[in-house]
Amino acid sequence: MIEIKKVESKRELKRFMQFRYDLYRDDPNDVPYFWLDEEGTLRPDKNASFEDCEAVYYKAFRGERVVGRIAGIINHKANRYWNAEVVRFGWFDFVDDYEVSHKLLEEVRQWGKSKGMVQMVGPMGFSDTDREGMLVSGFDTLGTMYAYHNYAYYPKHIESFGGFEKDNDYVQFLVKVPTVVPDRFAKVAAMVKERYHLQVRHLTRKQLIREGYGREVFRLLNATYKNLYGFAELSERKVDQLVEQYIKIADINLVCTVYDEKAGKMVGFAVTFPSISEALRKTHDGKLLPFGWWHLVKAIYWKHADTVDMLLIGVLPEYRSKGANALIFNELVQQYQRYGFKWAQSMPMMETNNHILSNWDYFEATENKRLRCYRRPI
């Protein structure tokens with residue numbers, strides 16, 4: 001018999017978090033998420049997203065054993081922006097038992113209904129910087145800490161619940177780093193520098209952290225991502241948290257910005273990281289102590305994997321037609337060559353985002369993962 005219990009304490013939240021690490025312990029393609037990042041996201045006293053969100057967490061039990069979990073989230077800012085009444089579900093993990101998954105989904109459905117919501121969407125997080133979408137293909141590829149990885153039985157459970165339909169697909173590409181910058185990017189980069197006074201800048205860590213340029217990157221993200229699926233504007237406090245989470249530990253050679261020198265403003269950015277997937281697999285449940293920190297330091301700064309993760313790339317809409325994207329890719333390829341990376345793993349991109357997807361036509365690139373968000377009326 002399956003019993004659903006609401007998470008009511010920090011101790012219960014830790015058990016909620018621990019369930020996924022236990023469930024995926026023997027999966028050769030799973031990458032454990034950072035424990036501290038997960039805790040920082042799920043706790044209202046730590047995550048600035050709770051300025052605009054409310055959430056509830058449930059665990060499924062069979063006897064004393066945890067067999068599933070789910071989060072229900074209402075992002076009020078996103079609902080106002082999209083004129084919607086949506087409850088999100090996320091952190092949805094479960095054993096291969098339809099009673100477990102269905103009861104968890106039903107619990108969130110009922111909670112959303114009690115809050116006046118009329119639609120249910122997921123998997124989604126609190127904001128656009130959280131993981132979104134359920135893996136529907138690419139189960140045999142190595143995961144990353146930035147995107148969902150799940151067992152192949154998960155989509156079957158969603159689809160069998162009834163009423164859920166595809167709402168949005170994200171695709172990811174594995175890109176071979178070329179030995180020479182593609183001619184198209186090199187030529188366009190040279191042209192836009194001269195015609196539009198656009199320049200690539202690599203900022204120092206001091207500039208990014210102390211002088212506020214890191215915050216400017218995420219403010220620019222608000223402007224460049226505003227029309228994307230499920231968007232909700234990042235608050236100033238959330239921007240500060242993201243600078244702390246990503247910019248402080250980034251290899252600054254793999255972070256670049258595009259400036260309009262004439263207008264004196266940042267118009268594009270790219271934040272990329274050496275893959276830390278293998279390093280995270282050497283930690284115990286994504287924890288930095290006692291020795292997990294050492295594997296991560298080596299992966300980021302010294303002994304890189306052969307893959308780089310292209311975490312965030314954005315260009316203001318009015319600069320996309322001017323070729324600012326070409327400037328970014330021209331610069332990134334040269335940096336990747338210098339570091340000796342063989343592969344670049346893109347992060348999830350909407351399958352309808354042709355402006356970004358068309359860039360891969362100039363590389364040896366293969367779609368290696370697809371993630372799906374589902375929607376149903378409550």
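Which strand holds W91? W91 sits in strand β4, residues 86-94. The model is a predicted one.

Most residues other than glycine have a negative phi, and most peptide bonds are trans. W91 has a positive phi of about 50°, yet W91 is not a glycine. Its relative accessible area is 4%, so W91 is buried, since buried means under 20%.

H197 also has a positive phi, about 60°, and is not a glycine. H197 belongs to the loop between α6 (183-196) and β8 (198-201). With a relative accessible area of 34%, H197 is partly exposed.

The peptide bond between G122 and P123 is cis, with omega about 0°. P123 is placed in the loop between β5 (119-122) and β6 (134-137).

**Two crossing helices**

Helix α8 covers residues 213-224, and helix α9 covers residues 236-245. Their axes come within 9 Å and cross at roughly 120°. That angle makes α8 oblique to α9. The crossing of α8 past α9 is right-handed.

**A nonpolar surface patch**

Which residues form a nonpolar patch on the surface? They are L36, I249, L288, L289, W293, W294, Y301 and W302. Together they have about 850 Å² of accessible area. Helix α11 (residues 292-302) gives the largest share, four residues. W302 lies in this helix, α11. At 54% relative accessibility, W302 is exposed, because exposed means over 50%.

**Salt bridges**

How many salt bridges are there? The count is 29.

| D45 | R43 | 2.6 Å |

Take D45 and R43, which form a salt bridge. D45 is partly exposed, at 48% relative accessibility. R43 is buried, with a relative accessible area of 13%.

R62 is partly exposed, at 31% relative accessibility.

D167 lies in strand β7 (residues 165-176) and R375 in strand β14 (residues 364-377), so the bridge ties together parts 208 residues apart in sequence. D167 is partly exposed, with a relative accessible area of 29%. R375 is partly exposed too, at 25%. Salt bridges with shared partners also join K166, D169, E351, E367, R370 and R372 into one network.

Key:
Residues are numbered from 1 along each chain as its sequence is written. This is a predicted model: local features need pLDDT of at least 70, side-chain atom pairs count only at pLDDT 80 or more; totals for chains, interfaces and linings use all residues. Side-chain values use heavy atoms; hydrogens and water are left out. Patches are made of residues with over 30% relative accessible area and no salt bridge: like charges are joined within 9 Å, nonpolar side chains (Val, Leu, Ile, Met, Phe, Trp, Tyr) within 5 Å. Accessible areas come from the Shrake-Rupley method with a 1.4 Å probe; for residues, only the protein chains shown count as cover. A salt bridge is a side-chain nitrogen of Lys or Arg within 4 Å of a carboxyl oxygen of Asp or Glu. Buried means under 20% relative accessible area, exposed over 50%, partly exposed in between (1.4 Å probe, protein chains only). Axes are lines fitted to C-alpha atoms, for helices over the stretch in contact, and angles run from 0 to 180 degrees between N-to-C directions. Angles under 35 degrees count as roughly parallel, over 145 as roughly antiparallel, 65 to 115 as roughly perpendicular and the rest as oblique. A crossing is left-handed if the near helix is turned anticlockwise from the far one by less than a right angle, and right-handed if clockwise.
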